[in-house]
Amino acid sequence: MIDANLKKLCLYHLWLAFGAFALACVFGEFQVLERSGLLSIIQSPAVYFASVSTHGVLMGFVLTTFFIMGFGYYTAASSLNMPLWNPTLAWTSFGVCTAGTVMAAIPLLLGKASVLYTFYPPVQANAFFYIGATLLVVGSWIWAAIMLVMLVQWKKAHPGQSVPLPMFANATNCVLWLWTSVGVALEAVFQLLPWALGIVDTIDVGLARTLFAWTLHPIVYFWLIPAYIALYCYVPIAAGGKLFSDELARLAFLLILLFGLPIGFHHLYMDPEQGHEWKLLHMVGTFAVAIPTLLTGFTVVASLEMAGRKSGGKGLFGWIGALPWRNPTVLAALLSLLMLLLGGFGGIVNASYAMNAMVHNTAWVPGHFHLIFGGTVVILYLAIGYRVWPRLCGKALYSTDLALVQLWTWFIGLGVMTTPWHVLGLLGQPRRISSVNYNSVLTLAWDPYELVMIAGGLILLASAALYVYILFRTQTASSAQADAGDDAMTMAPPAAVPGWLNGFLGWNLVILALMAVSYGYPIAQFFLIKTFDPTAWGY
Ligand code: HAS
Ligand code: CU
């Protein structure tokens, strides 16, 4: 049930998200230009690292968190068909998150927090950056609490009924996020802040990296789940068919929750502070987490095939051509699946302990995550925007043709930008460098790829600008359209699903056990093993 206040709340969140997104694209284009060395006037490592840090924070934390919260409110109210619980609290959460974002943005823009979006110590940021980031997380916890209260209220009012799939997925994401954010929250409160404030002189960077790894993997699924909501709940209907299996979809979300959390050490394979046995354990888990995505690929492609065949598509692949490619939701889904196929392949390479040694800290890694995050995830956020804007504003979408151009250019831009990154990674180019001019014949081979990336970045920037333009023109159009009504988002759920596919309470115990196994000793060792004290040895 979406009333005027909720519409406003969603629009505020989504505008902030997409505003951050467009700004981050400007920084991105600056970065590829700076690094290429083409324009000597803009060469500056200091500005470069301030820019990359701001770009990463805007894309990875601001776009995502605000989008997920705004879309989460929309999903809960529309799929449960109930009013938002405690709108005042929801606005408070928005205020806390916005204040945190502003607080972090100031040192970022002043070059006082050039610590990249992973803010690994020993690089240190101004304390306001850490306080701002913490506030953003705290604000998002309020959102998660509101979502879970709504779930509980709905279940009380509808005993024995299955929770509608969009809300089931949305609630999975809340539970996932609450578990995920604990790692970075512990790092910020007990290590980074006391250190940045001068209360302690040193911190254990091994512990900090371990706590960050706790967050770093599952956060990517926090970003991914809204995209999967679109794939499962919007796409089959938009393609003219229906979802292949509601239960398989629920299973995929649950498996993301269970397998996504305890596996962060694939970011630490090359680190010294954890033993290889633990890394191996996390590697097995990392392969397991591909399963829910493979399930998703299967279910969504099967749904699309059913739709394509219904529209007359024949033969092994004829159904693909019969799909409504001119529907923005369907087009975004098809392009996102293609990018998931390639980006996921890169992920499997990264996850393989031995192959990781070849690609770790090379340009391959930004290639991987721009394709799968900037590609798969963001293109579906954009498609969700096209779908919800008319409903939130009561106006028709400004132009479907322009929306199609925008989605295609986003896809093409990502292809043009990430292919060179993958190649450069294999050629040995490190990631996170502000210049590629090493005065060596070996690195001369990098130059043409750097130029291609400038073109890719430009296409992406133009596409992002077009996106904001389409939303703006939609919202400011003078003619209103008839209220499209609440967005039920999916066909009626099965009358009943097994209890274990309908709630989360018991699953928290399973997660606790998995986390205790995979992180218990690796964290405890920092407190159990006496560190080497040079003064005791007379050094
Ligand atoms: Fe990743 C690094 C492993 C998924 C994001 N990842 C990153 C970083 C980010 C990121 C941001 O193991 C950088 C962190 C940093 O700054 O240091 N990643 C994986 C694996 C997966 C994976 C195994 N990553 C993601 C997703 C992300 C994301 C999703 C964002 C949303 N990643 C790693 C590893 C590293 C890493 C290592 C560390 C690297 C290092 O050394 O630093 C898996 O979840 C991927 C599973 C996916 C598949 C693909 C299945 C294909 C399907 C498509 C079907 C479509 C068809 C086509 C058939 C196995 C489902 C149909 C087409 C039609 C036209 C009809
Ligand atoms: Cu990961």
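My notes on metals, helices and a few single residues follow.

**Ground rules.** I am working with a predicted model, in which local features need pLDDT of at least 70, side-chain atom pairs count only at pLDDT 80 or more, and totals for chains, interfaces and linings use all residues. Residues are numbered from 1 along each chain as its sequence is written, chains are lettered from A and ligands numbered from 1 in the order in which they are written, and side-chain values use heavy atoms, with hydrogens and water left out.

**Copper.** Which residues coordinate the copper ion (ligand 2)? I found His217 (ND1), His266 (NE2) and His267 (NE2), at 2.0 to 2.1 Å. Donors here are N, O and S atoms within 2.8 Å of the metal (3.2 Å for Na, K and Ca); water is not among the atoms, so sites may look incomplete. I noted the sequence spacing of these donors as H-x48-H-H. His217 sits in helix 6 (residues 205-238), while His266 is in the loop between helix 7 (246-260) and helix 8 (276-310), so the pair, 49 residues apart, links distant parts of the chain. For helices I follow DSSP runs of H or I with at least four residues, numbered from the N terminus. Buried means under 20% relative accessible area, exposed over 50%, and partly exposed in between (1.4 Å probe, protein chains only).

**Iron.** I placed His368 in helix 12 (residues 364-393). The iron atom of ligand 1 and the copper ion (ligand 2) are 4.6 Å apart.

**His370.** I stayed in helix 12 for His370, which is buried at 17% relative accessibility. Leaving aside neighbours within four places in sequence, His370 has contacts that include His55, Met417 and Trp421; contact means heavy atoms within 4.5 Å.

**Helix 10.** I then looked at helix 10 (residues 328-351), whose 24 residues reach 33 Å from first C-alpha to last, close to the 34 Å expected at 1.5 Å a residue. The expected span is 1.5 Å times one less than the number of residues. Helix 10 is mostly covered, with 17 of its 24 residues buried. What caps its N-terminal end? I found Asn327 there, with a side-chain oxygen 2.8 Å from the backbone nitrogen of Thr329.

**Its partner.** Helix 10 packs with helix 13 (residues 400-426) at about 5°, with the axes 10 Å apart. That makes the two helices roughly parallel, a label for angles under 35 degrees. Axes are lines fitted to C-alpha atoms over the stretch in contact, and angles run from 0 to 180 degrees between N-to-C directions. Among the residues making the contact are Leu331 and Leu335 of helix 10, and Leu404 and Phe411 of helix 13.

**Last checks.** I read helix 8 as 35 residues reaching 51 Å from first C-alpha to last; just after helix 8, Gly312 takes a positive phi of about 105°. Not counting residues up to four places away in sequence, Thr474 touches residues including Trp389 and Tyr398.

Terms used: Polar contact = N/O pair within 3.5 Å; in protein donor to acceptor, adjacent residues only side chain to side chain. Parallel < 35°, antiparallel > 145°, perpendicular 65-115°, else oblique.
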